[in-house]
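I opened the model today and kept notes as I went. The entries follow in the order I looked things up.

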Amino acid sequence: MSSRSPSRLTALNDWVASVAALTQPERIHWCDGSAAEDAALKEAMLADGTLLALNPDTHPGCYLHRSHPGDVARVEHLTFVCTTEREDAGPNNHWMAPAEAHAKMDALFAGCMKGRTMYVIPYCMGPIDSPLSRCGVEITDSPYVVANMRIMTRMGSAALARIEREGHFVKGLHSTGELDPERRFIMHFPEELTIKSYGSGYGGNALLGKKCHALRIASVQARREGWLAEHMLIVGIENPQGQTHYIAAAFPSACGKTNLAMLIPPEGYREKGWKVWTVGDDICWMRPGADGRLYAINPEAGYFGVAPGTSARSNPNALAMLDRDAIFTNVGVTEDNQPWWEGLDDRVPVTDWKGQPYDPAKGPAAHPNARFTVSAKQCPSYSPKAEDPRGVPISAIVFGGRRASLVPLVFEARDWTHGVLVGAGMASETTAAATGAVGVVRRDSMAMKPFCGYNFADYFAHWLSFGASADKLPKIFHVNWFRKGSDGRFLWPGFGDNLRVLEWMLKRCEGKAGAVETPVGLFPRPEDLDLEGLTLSEEARQLLFACDREGWKAEMASIGEYLAEFGPRLPAALEAERQRVVSALEAEAAKAAA
Ligand code: GTP
Ligand code: SPV
Ligand code: MN
């Protein structure tokens, strides 16, 4: 273990010293990211019960962590963007004045690490040698956070060397505190490239490289520097001719990014030679390259994935990477000490996520937001291009959400501006990834509602600006894997079969697939998709491909009300585009009536 601070990093050393003076830890440990350091930390966490070892024969190197039962997901109502001007945070964020927020947080942090070790974690988001990557340092008193950051980021000496070279980094200060929801805040200071998080040890609240840095802070930097920081998976689709095209897709939390990023092609596709390559499953940083295309990197090095629903049928790639060197948080365990969650298989667990004897009457064995943390390199479909410092060129951008009604399986935006409207207007049912009600439809522009570090009005303008600056932009699509039939069940089989939809998109990019123009966008007919080997009900064929004009009129009106919340700051071009769609719907209705 290295406990010496690096000498030539004045800004970093000064900040660490000032944090230590505030939090008063017993020890300071500079993380080097080594295997020995990881082993020693895990040893200590096993000793104090932070981690429980899982079955070493079936799951070598795997551990279970049970969080505090009141600390199981992101807390959007306690997450703030603290800009000098309230308007810069926008109606999409909770806001607090920076001075007030610092005072509030520093009062919580004062003396909070007494008797404990303060860990200093230098990390790099993105391949260590990529110009698209950015570094940060997280200070935390949680060894569980250190172990997760080691998997999720490029953590340790190499990152420190890059910070030393570049001289700047994002500062993140975290303490688990008392895990009291009344003393829990996740604060962002984009103008100072600083994050302060107190009172939660969970996921996006505590692993500050992820949502706090790579989305909320990075989105602000991206706007300033002409790139995009998005809540998107990145997947490569290799066709039987051996060409690989990359797709970036934004779905809200727990709406299918990890699953789409590592899908297994349907049998007929596999036989023909289709392959899928996973670049990233949650976050995408992209910028125009010299050739006018958008190039994307995955800033993360691991997956912090939803466990429930992951099975040999739904996501065999995920299952294959979870039998060694993984951390499971809030799952149940079987009699022989294997991790278990709802949807995995039909074994019956003995212990639930709270450590109580499993009793189905008392709720699920795994918390609905139970997660696994695992290195991306363990994924069988891990793309060889994922480490490419140049990133991968994006052919299509996809937006999508959980919509039980109205929204078809897939449609294409007519151009970039229309695509930005489609992304800005998207909505989805809320999930267990954040605390609060589940299943409520809300607008979640570009799946960034909880993650955009600035005013959405400015964010939409930033998206629109690419229409003029990059000349070989991806086509934009919208998908919905979650449309339900009259029996309340999903109409589309989803998972591997989603490749059928991706193939149509890539063919559209090459001008090789049909579509019908509607006021809402370009819709495939069932015969435009390869549905061979699938049995879809008549209702599914009807609803998945139909454009419900009346329903869309109401939807466009509702999107209008939503966009109006952003006031005069909303780009006029976006409202004009919405008007264009409304007019097209009305013109069609008038023609039908005539
Ligand atoms: P975050 O990590 O929270 O950002 O979530 P995510 O977008 O990566 O979602 P993930 O792929 O983990 O899927 C969340 C849940 O949706 C899981 O329970 C999946 O089984 C389920 N799911 C994913 N894809 C599909 C699909 O195509 N159809 C259906 N019906 N369910 C799906
Ligand atoms: C999400 O909620 O979108 C996640 C999980 O990916 S967390 O890291 O908690 O944000
Ligand atoms: Mn996510």
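**Entry 1: Lys 104.** I started with how open Lys 104 is. Its relative accessibility is 35%, so I log Lys 104 as partly exposed. The model is predicted, so I treat every value here as computed. I found Lys 104 in helix α4, which covers residues 98-109. I then checked its distance to Phe 185.

**Entry 2: positive phi.** Most residues other than glycine have a negative phi. I looked for exceptions and noted two of them. Leu 193 has a positive phi of about 50° and is not a glycine. Leu 193 sits in the loop between β10 (185-189) and β11 (194-198). With a relative accessible area of 21%, Leu 193 is partly exposed; the buried class ends at under 20%. Ala 254 also has a positive phi, near 60°. I placed Ala 254 in the loop between β14 and α9. Its relative accessible area is 26%, so Ala 254 is partly exposed too.

**Entry 3: helix α8.** I asked how far apart the end C-alpha atoms of α8 are. They are only 19 Å apart, although the helix has 17 residues (209-225). A straight helix would reach 24 Å at 1.5 Å a residue. Next I looked for a kink, and found one of about 45° centred on Ala 218. I also checked the cover: 14 of the 17 residues of α8 are buried. Gly 226 follows the helix, and its phi is positive, near 85°.

**Entry 4: the manganese ion (ligand 3).** Which protein atoms are its donors? I listed NZ of Lys 211, NE2 of His 231 and OD of Asp 282. They lie 2.1 to 2.5 Å from the ion. In sequence the donor residues read K-x19-H-x50-D. Lys 211 belongs to helix α8, while Asp 282 is in the loop between β15 (275-280) and β16 (284-288). That pair is 71 residues apart and links distant parts of the chain. Lys 211 and Asp 282 are both buried. I then checked the geometry. Ideal angles for six octahedral donors are 90 or 180 degrees.

**Entry 5: ligand 2.** I looked up what surrounds ligand 2. Among the residues are Gly 203, Gly 204, Lys 210, Phe 304 and Phe 451. The manganese donors Lys 211, His 231 and Asp 282 are also around ligand 2. Ser 253 is at 2.4 Å, Arg 74 at 2.9 Å and His 231 at 3.3 Å. Ser 253 and Arg 74 also make a side-chain polar contact with each other, at 2.9 Å. Ser 253 is in the loop between β14 (244-250) and α9 (257-261). Its relative accessibility is 12%, so Ser 253 counts as buried.

**Entry 6: ligand 1.** How many residues are around ligand 1? I logged 21, with Ala 254, Lys 257, Thr 258, Asn 259 and Arg 371 coming nearest. The side chain of Arg 371 has an N or O atom 2.7 Å from an oxygen atom of ligand 1. Backbone atoms take part as well. Gly 256 has a backbone N or O atom 2.9 Å from a ligand oxygen, and a polar backbone atom of Cys 255 is 3.3 Å from one. Arg 371 is also listed around ligand 2.

How values were computed:
Residues numbered from 1 in each chain as written. Chains lettered and ligands numbered in written order. Predicted model: local features only at pLDDT ≥ 70, side-chain atom pairs only at ≥ 80, totals over all residues. Heavy atoms only, no water. Helix = DSSP H or I, 4+ residues; strand = E, 2+ residues; numbered from the N terminus. Expected span 1.5 Å × (residues − 1). Bend = angle between axes of the 7 residues up to and from the residue. Buried < 20%, exposed > 50% of the residue type's maximum accessible area, 1.4 Å probe, protein only. Donors = N, O, S within 2.8 Å, 3.2 Å for Na, K, Ca; no water. Near = heavy atom within 4 Å. Polar contact = N/O pair within 3.5 Å; in protein donor to acceptor, adjacent residues only side chain to side chain.
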